[in-house]
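Open the model in your viewer and keep the sequence panel beside it. The tour below goes from one selection to the next and says what is there.

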Amino acid sequence: MMGSSHALSGAAVWLAGSLALDQLADFHQTPLQLAVGTAICAGGALLPDLDLSGRVTTRQGGATVAHTFGVLTLFLAEVVEKFSLGVYRLTRLKHDPRRRNGHRTLTHTIVFNVGVGYGTLALCNAYGKWAVMGVLFFAFAMALRGLFERWAERAGWLIVTLAAAAAAFLVYERLPGDRGYPLLGMAVGVGGLIHLAGDMITRHGSPIFWPIPTGRRLWRNIGLPHSVALTAGDKTETVVLRIVFTTVAIFAGSLLVAPVLLDRFNISV
C-alpha cells in the first residue's frame, strides 16, 4: 500500500478502536488524547516502510516516511534497508529466495513492530519528558507526511519539521501523564501492525511470522491469494479504501468528540 493509505488506515483503526473501548469498556479519552493517539498511530503506520530507501544525494525514490526529514531520513532508510537485508541473508533458509534489497523483510514482521511499541513505552517510562517529546516529534512528523502528503511535498521537510516540533511541545504541556504516556507505545506498535495488515492484502504480502519457520522457509510472505489481492497504488486502494478509511475516521471521531462538545456548551439531546 501507498504511504497515505497506510497513514489513513492507522488513523481510522485507532479512532474505531477508541470508540469501541469507550462504549464497551468505559475507557474515555479527552479530545486531545484522541488526537494525539490518532496522529501517532497514523505516523507509526508508516514506520515499517523505513526499509525502502531512495537516492540520498538527489532526494529521489524511497517510501513516504523516508522523506520526513529530507536527506537525514533518506540516509536512515538506507541504513535500515541494508541492516534488514543483512538480517535476511544471515537468517534465510535454503528455500528462501536470494534478495538484493531489504524492503519488506525485518521491519515487516510482528516481532519488530511489537518490539518498537514496547521499546517506545519503556523509553518514555525510563526517561520521561524528553523521551515523550521525542516520540511525539517523530510521530507527528511522520503523520504529517502521510496524512497530508501533497501539502508536505510542497512545504518541504523544514516546514514539516518545525510544525512537528511545535505540535510536540504544545501537546506535551497539556497531555496528562496517567493515560497519555502509556498510550504512546501502544499507538506506535498498533500503527506498525496495521501497516502489516495493509501490506497483506496486496500481492506481495509480508513475512509477519519471522523468525518462526513456515514450511521450509523462514521469510515466507503471508497475504491474500493473487486472484483477490490488491495491486499497490491501484484505484481500489487510492480511491475506494481511502474513502472507507476517511469515512470510518470521521464517523468514529464524531461520536467520540460530540458528547464532550455537547457537555461543554451545556447542550442536552
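A residue is called buried when its relative accessible area is under 20%, exposed when over 50%, and partly exposed in between, using a 1.4 Å probe and protein chains only. This is a predicted model, in which local features need pLDDT of at least 70 and side-chain atom pairs count only at pLDDT 80 or more, while totals for chains, interfaces and linings use all residues. Residues are numbered from 1 along each chain as its sequence is written, and side-chain values use heavy atoms, with hydrogens and water left out.

**Stop 1: helix α2**

Select residues 31–44, which form helix α2. Helices here are DSSP runs of H or I with at least four residues, and strands are runs of E with at least two, numbered from the N terminus. The expected span of a helix is 1.5 Å times one less than its number of residues. For the 14 residues of α2 that gives 20 Å, and the C-alpha atoms at its ends are 20 Å apart, in agreement. Now colour α2 by accessibility: 11 of its 14 residues are buried. Among them are Q33, L34, V36 and the run from G37 to G44.

**Stop 2: helix α3**

Next, show the salt bridges, each a side-chain nitrogen of Lys or Arg within 4 Å of a carboxyl oxygen of Asp or Glu. The whole structure has 4 of them. Go to helix α3, residues 71–91, and select E78 and K82, which sit 4 residues apart, about one turn of the helix. Their side chains form a salt bridge with an N to O distance of 2.7 Å. E78 is partly exposed at 23% relative accessible area, and K82 is also partly exposed, at 46%.

**Stop 3: R217 and D96**

Select R217 and D96, whose side chains meet in a salt bridge at 3.3 Å, N to O. R217 lies in the loop between α8 (177–200) and α9 (235–264), and D96 in the loop between α3 and α4 (110–127), so the pair ties together parts 121 residues apart in sequence. R217 is partly exposed, with a relative accessible area of 21%, whereas D96 counts as buried at 1%.

**Stop 4: R104 and D199**

Finish with R104 and D199, a salt bridge whose closest N and O atoms are 3.2 Å apart. R104 is in the loop between α3 and α4 and D199 is in helix α8, so this pair ties together parts 95 residues apart in sequence.
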